[in-house]
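User: Could you walk me through how some of the labels on this model were assigned? I'd like the cut-offs next to the values.

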Amino acid sequence: MRRENVIQALLWIAAFFFAVGIFLSLTLLLRDLPPTPPVAIGRVTVEGASKLRDYAAALLFFVIIAPATIFLYRLGSKQLDAFRRESRFENLVSFLFVAPFFLAPFLYLTTFKWGWPLLIPLLASQIGPRFVIAYERTLWLRRLFRREMRPYHTLIVVEALAWVLFRYIAVGRRIAHIPTLFLECIFVTVIVILFWCALLLIARLAAYTTGADAEIAFQRLSIAALPIIALPPMALAFVPGRVAISIVMTTVVAAIVIALRGNDAVDGRAVRIAAAYAIIPVLLYCVSYASTAALSQWIDLFHRGESLGPASDYLRGKIPYRDVFVLHGLLDDGLLDAWLMRLFGRSVSVVLARPVVLGSFAPPALWYLGMAIFDSIPLAALVVLLGAVTTVDNERIFFEIAVLALLIGAIRRNSKTLFALAGLVAGVTLFFSFDIGLYAIGGTILTLLLSPAKSRRYVEPALQPARIIPFLFGFLASAAPFAIYLAIRGAFGSFLTNSFVVVPRVIDAAWSLPFPDLTTTFRKDLNLHTIADFFLSEKFRFVLNPLVIGIALVCIVQRAIRRESDWLDVPLIALTAFAILTQRSALGRADFQHQYFSAFLIGPMILILLIFFWRAAGAMATVALLPFLFVALWVPDIANVRLDDTTHYLGRVSGIGWIDPSAMEIRHRIDQVRYFVTDLSRRGAPIFDFSNQPALYFFCDRPNPTRFYQVPILSPPEFQREVIIALERAKPPIVIRRSPQQFDVFDGIDNSVRAQAVASYINDYYSYNASTWGVEIWTRNASARRLNIDGYMRQIRLPSLRELGVLGERARLVFPSVGSLPGASETYWKSDLMLHNPFTERMSLALRYVAGDFHADRYVVLAPGQSIRWEDVTHTLFHAPRRCAQRACLCHRTAVAARHG
């Protein structure tokens, strides 16, 4: 009785939705109503809107909505009763009949055409239930959908999706003529159904004409259509669409002719293995690569520079860890790029392609993780879909996913080989990205120690230390070559010290960010809008991972106490262990992007928890949760972005019709900096980047005289001393300062404040020379002076928040339009300057005036609370010529410069 009431309620809602769709379609008849007469000026008359149309539409709604809903309900009730009498699957046919009507208003709102909201719901509501009834009454149709035939249906669906993906890449447009994700899903579903129906029709025709078995013909046709899988890779390789289709479809036709000649059954298990473990991962890789390759035409001089800078020096013979401070990992911080450039040539394209090629393996690895957990293609697809919260694929998380998938697969099959492979990948991960490698190793050990031994109905908790042995064997086998490489280079000791002592000690102070205050939403102006914004904004991402982990921990402990554990508890334990450790990166950096380092684990965890919820609360309650989860995880938005990026693949990679305005600016910046470096220093002379743009070492082809490629890492006093000594020894003729993209103040702290001793050394030994595209070029002074390194070290002190608040993010203030010169009508233009020290400590300031080729430096010390004022500061303080500069600067504890425009 309860189910019947639910169905009746859904039928009422469906009738109302369909009536709304009819109303919206009828509003098209009101389009020709005249606009409001312009008897006065207002928003309505300016826009030429028709208020008569608004009033008529409202009247039409009130007139037709109630009778239409009642009429449609009664009509639908009769049709639904007829379907339910004809079918044993009453609830299924009820759902298939009711569900399409919910789409009616949205079909109009996305197309603004009357036929879509009327015809599609009507047709879909008839096709679905009648198909179920035909399935019950038709023997050959039932046989076609038995369990043994599922691999072939899966293969056909995958082939249809491969054709859709090919069209996305090759044509660069969506299937739906209106680019909305809602309509796109409907079009893709229809194409998949049509593709399946076409092969079924061919199989039935073959059965009638040749006497072959229809099922076997259908099986062999699904195999014959496999060449379609080659279409997406051909599109990625820029094979023209017509050529690719001609080659593939000719092959498919020939394969169909050959396949229909035989009458031997096809091994369904082999088909499922091929689809699940080869074909679908290939298509996922194609999607991932197409949506991320050449995503931006500009080069991130900050993040890409972390590998470009070291790689440039590795090619010159520098040794990792000993000559280069490795922050993320041996391979990730330039060594892999150096090896690739030795193979393919010294080109930035190698460095830009590497993360895309590797990172695109993350979605296939996530697919394998889903298969290892559930051994189900639909559930693995949901794992990938929920894992889509990782918007941009990351080669670092790919390695962790691979370790986790191999580990869970090894536990499920009790395979020593898979355990060893998991250890093998973990060893490579440790030397690719050190922190991710530690998470993978630690998560594996925790899983093997805590995961229970599997039985049929109950899982008896037991320690499994023996499983660690093959894992450790694989780990040592892959880690040994890297350790030997470092030992031969005399850097193994530096690797241990740097990785296990230095980086853990300084990383939080240098790189981490405070965790954002998420309670403000609930303390101030709490209402439905702010709550909705909280859950749909980036803030919710900061609590999503810990929230899911906490729920998983409660579930694991409760199920163990009640002795209800089964196989799904094992992967849930593994996912939870990995997620807890990976939270270190998410909580340490505490910005939006770094939340994704743990987010990819949340998708499969949510799915396992949903299965547990399904068992406890039923299917309907679980299905009702899915829309909220998809919205909270931004699945539609991310899928829509991925789809757009996929359809723009050809234009992005070829550069035709796809212009990134930032790319030209950065290209000019690189060229101009390279010009000044070449013009102001001899070939091969070192330069020093103090702007957090280490990629400039690569583009200028100049060595770094220090071990450090980012200023935050050299912030500790002992490192600043080391850098000053290295700079004094190498005497690089050029220092690069300022980043127009704010890289040198990436966390709100200027590099001159972050590394005060080094900044003071640069101020004393270098002078501003020129600015180009927001980058300052400083050259070394000709006059020699004795190095007083202890004096520079004494300048290091921790600034207060008040000081940073007064000076802003940068450690200097810029005063525009500073000048002293006569004006028109006997006027005289001059600039006065007043400085005040609001602090209780003495403040040392450096002032610089720049106008054309003239620049002058002055140094001022302000006592606590002191104020000082210069009238006509250009003439009285700087003794500059009678002219005007567009900018002058005041810096806190450092000398800076600004060029005239």
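Analyst: Below we go through a helix pair and then some salt bridges.

This is a predicted model, where local features need pLDDT of at least 70, side-chain atom pairs count only at pLDDT 80 or more, and totals for chains, interfaces and linings use all residues. Residues are numbered from 1 along each chain as its sequence is written, and side-chain values use heavy atoms, with hydrogens and water left out.

User: What makes α8 and α10 a contacting pair, and which residues meet?

Analyst: Contact means heavy atoms within 4.5 Å. On the α8 side (residues 150-171) you have Y152, H153, L155, I156 and E159, meeting F218, Q219, S222 and I223 of α10. By class, that contact has five nonpolar, three polar and one charged residues. Nonpolar covers Ala, Val, Leu, Ile, Met, Phe, Trp, Tyr, Cys and Pro; charged is Asp, Glu, Lys and Arg; the others, Gly among them, are polar.

User: What makes K318 and D313 a salt bridge?

Analyst: The term needs a side-chain nitrogen of Lys or Arg within 4 Å of a carboxyl oxygen of Asp or Glu. K318 and D313 come in at 3.3 Å, N to O, so the pair meets the definition. The structure holds 31 salt bridges, and R143, R146, E148 and E215 are linked in a network of them.

User: Why is R322 called partly exposed?

Analyst: Buried is under 20% relative accessible area, exposed is over 50%, and partly exposed lies in between (1.4 Å probe, protein chains only). R322 has 41%, so partly exposed it is. Its salt-bridge partner D323, at 3.5 Å N to O, has 22% and is therefore partly exposed too. K318 and D313, on the other hand, are both buried.

User: What about R584 and D508: buried or partly exposed?

Analyst: R584 is at 36%, so it counts as partly exposed, and D508 gets that label at 43%. Their side chains meet in a salt bridge at 3.1 Å, N to O. That pair links distant parts of the chain, with R584 in α27 (residues 569-589) and D508 in α23 (residues 492-511), 76 residues apart.

Note on methods
Axes are lines fitted to C-alpha atoms, for helices over the stretch in contact, and angles run from 0 to 180 degrees between N-to-C directions. Helices (H or I, at least four residues) and strands (E, at least two) are DSSP runs, numbered from the N terminus.
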